[in-house]
Amino acid sequence: MAVTVRFVGSGDSFGSGGRFQTCILVDGPRSRFAIDFGTSSLIALAQQGIAHNSIDAILISHLHGDHCGGVPFLLIDAMLAARRQRPLTIAGPRDLPRRMAEIREALFPGSHVMTPKFPVDWIELEPARPRDILDLRVTARPARHTPETNPTSLRVEVGGKVIAYTGDTEWTDDVAAVARGADLLIAECYFYDKPIKWHLTYPAIAAHRAELGARRVILTHMSREMLAHADEVPEECASDGLVVTL
């Protein structure tokens, strides 16, 4: 069975215009999962008419403070709880449950509003130790950004294919190890208004693309309109509304 990767786009959240969050939806042989559930990803799914109950797992590359780390779980609780009919697997950096408890308390002191009302299987990813999740094999490696984000890069093997996700990170040897030889390399690449200021990830990918051997490179958040203002980025890297079959 083919593996399908869909870049759903993002709902507008906190005035971001949808530029800073992209929901990556992956259909494997026996599961549907999302990579890096960002602040407005659940809104994006709702806008696209995608059934939340169809998602089996969420893979999170980093926890980024109250704004990016807490809101997804508030949305999960608010939008999924009433209709969730089966357990949900959430996998992310080490210390994931404790970190989420801290975020919940920071956002809503003394409240249980962010406690999911359906079964959640929390899986803490240890660097360089593969974990089997449904029909996925996930390997996380450390990445450097800021101390509090605890970020990782994710290498996901599903249906005989490899999807690499660099996350919101600087380029390190660990990130390169995740990206090397992937069927699809997804790089989180921000766009900070004109003039374009690329996130650090893409220039490194461009410099090392030949040795990485990645068959396809996609930049999250990158519409063709944005790419028109960036001559150094090939159009094939655009992610808006893209569906890739591996």
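Predicted model: local features only at pLDDT ≥ 70, side-chain atom pairs only at ≥ 80, totals over all residues.
Is Val26 buried or exposed, and what is its relative accessible area? Val26 is buried, with a relative accessible area of 0%; buried here means under 20% relative accessible area, exposed over 50%, and partly exposed in between (1.4 Å probe, protein chains only). Residues are numbered from 1 along each chain as its sequence is written, and side-chain values use heavy atoms, with hydrogens and water left out.Val26 sits in strand β2 (residues 23–27); strands (E, at least two residues) and helices (H or I, at least four) are DSSP runs, numbered from the N terminus. Its surroundings come partly from elsewhere in the chain: leaving aside residues up to four places away in sequence, Val26 touches Val3, Thr4, Val5, Ser31, Arg32, Phe33, Ile35 and Ile163, where contact means heavy atoms within 4.5 Å. Thr4 lies 22 residues from Val26 along the chain, yet their C-alpha atoms are separated by 5.7 Å.

Val5, Phe33, Ile35 and Ile163 turn up again among the residues with the most contacts inside the largest nonpolar core, which has 27 residues. Such a core is a set of buried Ala, Val, Leu, Ile, Met, Phe, Trp, Tyr and Cys residues joined through side-chain atoms within 4.5 Å. Apart from it lies another core, of 24 residues, including Leu185, Ile205, Leu227 and Val233.

Next comes the sheet. Six strands make an open sheet with mixed pairing, in the order β7-β8-β9-β10-β11-β12; two strands pair if DSSP finds at least two bridges between them. The edges are β7 (131–133) and β12, each pairing on one side only. From one strand to the next, the twist averages 25°. β7 runs antiparallel to β8 (residues 136–142), and 3 bridges join them. Within that pairing, Ile133 has Leu136 as its bridge partner, and Asp132 stands opposite Arg137. On to β9 (residues 152–158): 7 bridges join β8 to this strand, again antiparallel, with Arg141 partnered by Ser153.

The turn of the β7–β8 hairpin holds 2 residues between the strands. Leu134, in this loop, has a positive phi of about 55° although it is not a glycine. Leu134 is also exposed, with a relative accessible area of 51%. Ala128 is another non-glycine residue with a positive phi, of about 65°. Ala128 is found in the loop between β6 (120–125) and β7 and, at 44% relative accessibility, counts as partly exposed. For background, most residues other than glycine have a negative phi.

That leaves helix α5 (residues 201–212). α5 has 12 residues, but its end C-alpha atoms are only 13 Å apart, short of the 16 Å that a straight helix would reach at 1.5 Å a residue; the expected span is 1.5 Å times one less than the number of residues. Thr201, Tyr202, Ala204, Ile205 and Leu212 are its buried residues. The buried residues pack against α4 (173–179), β11 (184–188) and β12 (217–220).

Definitions and conventions:
Axes fitted to C-alpha atoms, helices over the stretch in contact; angles between N-to-C directions.
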